[in-house]
Amino acid sequence: QKTASMLKQHGGLNDNEVYFKQQQFEYERLTGDSTSSDACMIFYAIDLEKSPKEAIDAAIAHGKTKSGLASSLTSRYKQQYLELLKTNKSAAYQLATRLAGVFDYLGYKGTEKVQGWTK
């Protein structure tokens, strides 16, 4: 709460911006990597092979759109998926399966969306 108060007062951030800034701090604490992505905790859940539904719901509740989150997922995972197809098809399939479920949750045809990355 103290951090949120300081970000609002000195950083001029609104409640939603503070929420995502705190998510970025948490991601850095957990992974050691810094990020500017508002979808970082969704990435974190996917990378740990856990359900990102709670993180998705929270992001949407704080003003993110489903299409914006889908774009963030594509930016984060498309290249990784394409590289895995060349080097480790089993890992590529596993990632595609996880991502398809996430895209389905966002209202897309997840399998088609991920398969579309190869075109």
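From the N terminus on, the order of elements is α-α-α-α-α-α-α. That is 7 helices and 0 strands. Both are DSSP runs numbered from the N terminus: helices are H or I with at least four residues, strands are E with at least two.

Ground rules. This is a predicted model: local features need pLDDT of at least 70, side-chain atom pairs count only at pLDDT 80 or more, and totals for chains, interfaces and linings use all residues. Residues are numbered from 1 along each chain as its sequence is written, and side-chain values use heavy atoms, with hydrogens and water left out.

Now burial. Of the 119 residues in the chain, 33% are buried, meaning under 20% relative accessible area with a 1.4 Å probe, protein chains only.

Next, the core. A nonpolar core is a set of buried Ala, Val, Leu, Ile, Met, Phe, Trp, Tyr and Cys residues joined through side-chain atoms within 4.5 Å. The largest one has 28 residues. I42, L73, Y77, Y81, L99, F103 and L106 have the most contacts inside it. Helices α2, α3, α4 (53-61), α5 (66-87) and α6 (89-105) each supply at least two residues of this core. The largest share, 7 residues, comes from α5.

Take F103. Contact means heavy atoms within 4.5 Å. Leaving aside neighbours within four places in sequence, F103 touches A70, L73, T74, Y108, G110, K113, V114 and W117.

Which residues of α2 meet α3? Q23, Q24, E26, Y27, L30 and T31 do, against C40, M41 and Y44 in α3.

Notes. Buried < 20%, exposed > 50% of the residue type's maximum accessible area, 1.4 Å probe, protein only.
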